[in-house]
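Please have your viewer ready.

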Amino acid sequence: MSALPPSLPVSDASRRKHRTATMFSRALRLRCPHCGGAPIFLTWYHLVPNCPVCGLGLERGEQGYWLGAYFFNLMAVEVVFSVWFVGFLVFTWPNPPWQLFQVSSIVLMLIVPFAFFPYSKTLFLAFDLLVRPPSEEDFAVPHEEALNLRRKQV
């Protein structure tokens with residue numbers, strides 16, 4: 001029955017942690033990290049130009065913007081491979097089946113980058129929004145283009 005006092009001050013660090021967690025959880029759900037709006041993907045690999053809810057420009061107006069997302073994807077693949085390598089050796093030591101390791105590693109390294117691709121884009125966008133908060137120029141009028149484009153492709 002202990003309730004928190006109604007006027008506990010919330011520190012800036014606490015607000016930043018909550019904001020960071022919120023943005024990254026939205027990104028992991030493949031939603032707009034800024035507002036949580038969806039859909040922001042037309043297909044697994046095709047991102048809409050602006051969030052259909054808040055109008056945030058998802059490319060943020062820089063040439064080569066998605067290079068950061070490719071870096072996130074590369075890091076994810078390297079982490080998956082490292083965990084796979086260590087796990088495989090731990091569970092099969094002292095006689096690891098190297099041929100099985102090679103085949104399974106190739107399959108894993110072909111699947112993971114494609115499976116993680118949209119997550120790398122939304123996670124990088126969340127990271128970029130934390131480092132460089134959005135300005136007025138980053139927003140357009142919210143529109144339903146994402147839904148219309150999806151209908152045309154089907």
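Which residues have the most contacts inside the largest nonpolar core? Keep in mind that the model you are looking at is predicted. The core in question has 21 residues, and those with the most contacts inside it are Cys32, Ile40, Leu47, Leu56, Leu58 and Trp66. Two helices, α1 (12-28) and α3 (98-131), are the elements that give two or more residues to this core. The largest share, 5 residues, comes from α3. As background, nonpolar side chains in soluble globular proteins tend to be buried together.

Leaving out residues up to four places away in sequence, Ile40 touches Leu30, Arg31, Cys32, His46, Leu47, Val48, Cys51, Pro52, Leu58 and Thr122. Two of the core residues named above, Cys32 and Leu47, are among these partners.

Now for some backbone geometry. Most residues other than glycine have a negative phi, and most peptide bonds are trans. Against that background, look at the bond between Ala38 and Pro39, which is cis with omega about 0°. Pro39 sits in the loop between α1 and α2 (67-92). Leu30 also has its place in the loop between α1 and α2, and its phi is positive, near 60°. Is Leu30 buried or exposed? Leu30 counts as buried because its relative accessibility is 18%, and the cut-off for buried is under 20%. Pro94 belongs to the loop between α2 and α3.

Next, find Asp138 in the loop between α3 and α4 (145-153). With a relative accessible area of 11%, Asp138 is buried. What does its side chain meet there? A polar contact of 2.9 Å joins the side chains of Asp138 and Arg60. Setting aside neighbours within four places in sequence, Asp138 is in contact with Gly55, Leu56, Gly57, Arg60 and Pro133.

Finally, turn to the surface. Phe81, Phe85, Val86, Val90, Phe91 and Trp98 form a nonpolar patch there, and together they have about 640 Å² of accessible area. Helix α2 gives the most to this patch, with 5 residues. Val90 is one of the patch members and is found in α2. Its relative accessible area is 57%, so Val90 is exposed.

Note on methods
Residues are numbered from 1 along each chain as its sequence is written. This is a predicted model: local features need pLDDT of at least 70, side-chain atom pairs count only at pLDDT 80 or more; totals for chains, interfaces and linings use all residues. Side-chain values use heavy atoms; hydrogens and water are left out. A nonpolar core is a set of buried Ala, Val, Leu, Ile, Met, Phe, Trp, Tyr and Cys residues joined through side-chain atoms within 4.5 Å. Buried means under 20% relative accessible area, exposed over 50%, partly exposed in between (1.4 Å probe, protein chains only). Helices (H or I, at least four residues) and strands (E, at least two) are DSSP runs, numbered from the N terminus. Contact means heavy atoms within 4.5 Å. A polar contact is a pair of N or O atoms within 3.5 Å; within protein, one must be able to donate a hydrogen and the other to accept it, and residues adjacent in sequence count only if both atoms are side-chain atoms. Patches are made of residues with over 30% relative accessible area and no salt bridge: like charges are joined within 9 Å, nonpolar side chains (Val, Leu, Ile, Met, Phe, Trp, Tyr) within 5 Å. Accessible areas come from the Shrake-Rupley method with a 1.4 Å probe; for residues, only the protein chains shown count as cover. A salt bridge is a side-chain nitrogen of Lys or Arg within 4 Å of a carboxyl oxygen of Asp or Glu.
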